[in-house]
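Look at the protein chain below. Keep the sequence and the 3D view side by side as you read.

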Amino acid sequence: MIPIAQSERPGQQPEARRRILSLVIKDRRALHAAYMPFIKNGGLFVPTSHPYQLGDELFLLVQLLDEPDRIPVAGQVVWVTPVGAEGNRAAGVGIQFKEQEKNDIRHKFEQYLPSGTDAQRPTHTM
């Protein structure tokens, strides 16, 4: 399970805090559920109850599995699953990777993704 995204900048104004999210992905199953390879440049689904809008610019700090450092990712909201969505879907937003980051970021996430039967498991988005 992926924890609800939270801000990590205590001294910032409330609006600025909502633009920086922290995401911890502890295992490959959680990465598979969050990763969005079907959107241009790739992306990640971030569970959150905050009501973001399509087009909002966000910055993610992603802790990926056993990686020692958090991965900084700039992106834009391209998917919204509101609180109370049909089918008990997790509330959150899909963040599309910025064009200049797409190759390095996609490669980093895809090296950990499952293949074969495991790749057919449902995700947070599709």
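This report goes from the model as a whole to its sheet, its core and one alanine.

## The model and its confidence

This is a predicted model: local features need pLDDT of at least 70, side-chain atom pairs count only at pLDDT 80 or more, and totals for chains, interfaces and linings use all residues. Residues are numbered from 1 along each chain as its sequence is written, and side-chain values use heavy atoms, with hydrogens and water left out.

pLDDT is the predictor's confidence in each residue, on a scale from 0 to 100. Its mean over the protein chain is 78, and 74% of the residues reach 70 or more. Residues 1–14 have pLDDT below 50; this stretch has 30 contacts in the model beyond near neighbours in sequence. A contact means heavy atoms within 4.5 Å. Residues 116–121 also stay under 50, with seven contacts beyond four places in sequence.

## Overall layout

The protein chain has three helices and five strands. Their order along the sequence is α-β-α-β-β-β-β-α. Helices (H or I, at least four residues) and strands (E, at least two) are DSSP runs, numbered from the N terminus.

The chain has 126 residues, and 43% of them are buried. Buried means under 20% relative accessible area, exposed means over 50%, and partly exposed lies in between (1.4 Å probe, protein chains only). Among contacts with a separation of 6 or more, 62% link residues 24 or more positions apart.

## The sheet

Five strands form an open sheet in the order S1-S3-S4-S5-S2, with mixed pairing. Two strands pair if DSSP finds at least two bridges between them. S1 and S2 are the edge strands, each pairing on one side only.

S2 and S5 run antiparallel and are joined by five bridges. Is S2 buried or exposed? Five of its five residues are buried, so S2 is largely enclosed by the rest of the structure. Gly43, Phe45 and Pro47 lie on one side, Leu44 and Val46 on the other. In a regular strand the side chains alternate between the two faces of the sheet.

## The nonpolar core

A nonpolar core is a set of buried Ala, Val, Leu, Ile, Met, Phe, Trp, Tyr and Cys residues joined through side-chain atoms within 4.5 Å. The largest one here has 24 residues. Ile25, Leu31, Leu44, Leu60, Val62, Leu64 and Phe109 touch the most other members. S1, H2, S2, S3, S4, S5 and H3 each supply at least two residues. Which strand gives the most to this core? S3 does, with four residues.

Leucine 60 touches Leu21, Leu44, Val46, Ile71, Pro72, Val73 and Ile95, leaving out residues up to four places away in sequence. In soluble globular proteins, nonpolar side chains tend to be buried together.

## Alanine 33

Alanine 33 sits in helix H2, residues 28–34. Its relative accessible area is 14%, so alanine 33 counts as buried. The C-alpha atoms of alanine 33 and leucine 44 are 9.0 Å apart, and the two are 11 residues apart along the chain.
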